[in-house]
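This note is written for a colleague who meets the structure for the first time. Its points are numbered and may be read beside the display below.

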Amino acid sequence: MNKILVAFLLILTTISCNTNESQPLSQEQFIDFYIDIQKFDETISKENVDSLRMQLHKQRIVQILEFHKITKEDVLETVNYYNTHPLLWKYFFDSVNVRLAKMKNSSD
């Protein structure tokens with residue numbers, strides 16, 4: 001997993017202190033958002049300049065949030081919700097892996 005993506009998720013988790021039990025994003029919305037971030041990370045990781053990469057990454061995250069019509073707070077609350085329900089993370093990553101594999105196979 002890309003270091004930037006892991007850092008992004010850790011930052012989102014640690015920034016938010018909300019222990020709300022609601023899940024603002026559906027599983028599908030969260031997976032779609034995560035896959036778009038993952039696809040972007042694959043393309044930007046080829047850049048050589050770290051500061052440029054970080055700037056582009058921040059801008060692209062905003063664009064992806066806007067595309068999915070979700071907010072950073074929605075993602076934070078969803079991450080917190082998943083953190084209180086660890087089995088959801090397993091299902092989430094299993095679903096992401098299956099979808100990424102299908103995408104890869106369809107592009108081959």
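1. In which helix is the place of Asp-36? This residue belongs to helix α2, which covers residues 27-44. The model is a predicted one, and the points that follow should be read accordingly.

2. Is Asp-36 buried or exposed? Its relative accessibility is 16%, and because buried means under 20%, Asp-36 counts as buried. Leaving aside residues up to four places away in sequence, Asp-36 touches Ile-64, Phe-67 and His-68.

3. Asp-36 also takes part in a salt bridge, in which its side chain meets that of Lys-39 at 3.6 Å, N to O. Both residues lie in helix α2, three residues apart, which is about one turn of the helix. Lys-39 counts as partly exposed, with a relative accessibility of 37%, whereas Asp-36 is buried.

4. The overall architecture may be stated briefly. The chain has five helices and zero strands, and its elements run α-α-α-α-α from the N terminus on. It comprises 108 residues, of which 34% count as buried. Among contacts with a separation of 6 or more, residues 24 or more positions apart account for 82%. The chain exposes about 6,900 Å², and carbon and sulfur atoms supply 58% of this area.

5. How many salt bridges does a search of the whole structure find? The search finds four. One of them joins the side chains of Glu-28 and Arg-99, at 2.6 Å, N to O. Glu-28 lies in helix α2 and Arg-99 in helix α5 (residues 86-107), so this pair ties together parts that are 71 residues apart in sequence. Both partners fall in the partly exposed class: Glu-28 has a relative accessibility of 43%, and Arg-99 has 23%.

6. A further salt bridge is formed by Asp-94 with Lys-90, whose closest N and O atoms are 2.8 Å apart. The two residues both lie in helix α5, four residues apart, again about one turn of the helix. Asp-94 counts as partly exposed at 36% relative accessibility, while Lys-90 is exposed, with a relative accessible area of 52%. Elsewhere, salt bridges with shared partners join Glu-28, Asp-32 and Arg-99 into one network.

7. The structure holds eleven aromatic pairs. In one of these, the rings of Tyr-34 and Phe-93 have centres 5.6 Å apart and planes at 85°, so the pair is edge-to-face. Tyr-34 lies in helix α2 and Phe-93 in helix α5, so the pair ties together parts that are 59 residues apart in sequence. Tyr-34 counts as buried at 4% relative accessibility, and Phe-93 counts as partly exposed at 24%.

8. Tyr-82 and Phe-92 form another edge-to-face pair, with 5.9 Å centre to centre and 85° between the planes. Tyr-82 belongs to helix α4 (residues 72-84) and Phe-92 to helix α5, so the parts tied together here are ten residues apart in sequence. Both Tyr-82 and Phe-92 are buried.

9. Which residues do ring pairs link into a cluster? The cluster consists of Phe-30, Tyr-34, Tyr-81, Tyr-82, Trp-89, Phe-92 and Phe-93. It therefore contains both edge-to-face pairs described above, Tyr-34 with Phe-93 and Tyr-82 with Phe-92.

Key: Residues are numbered from 1 along each chain as its sequence is written. This is a predicted model: local features need pLDDT of at least 70, side-chain atom pairs count only at pLDDT 80 or more; totals for chains, interfaces and linings use all residues. Side-chain values use heavy atoms; hydrogens and water are left out. Buried means under 20% relative accessible area, exposed over 50%, partly exposed in between (1.4 Å probe, protein chains only). Contact means heavy atoms within 4.5 Å. Accessible areas come from the Shrake-Rupley method with a 1.4 Å probe; for residues, only the protein chains shown count as cover. Rings of Phe, Tyr and Trp (its six-membered ring) pair if their centres lie within 6.5 Å; planes under 30 degrees apart count as stacked, over 60 as edge-to-face and the rest as tilted.
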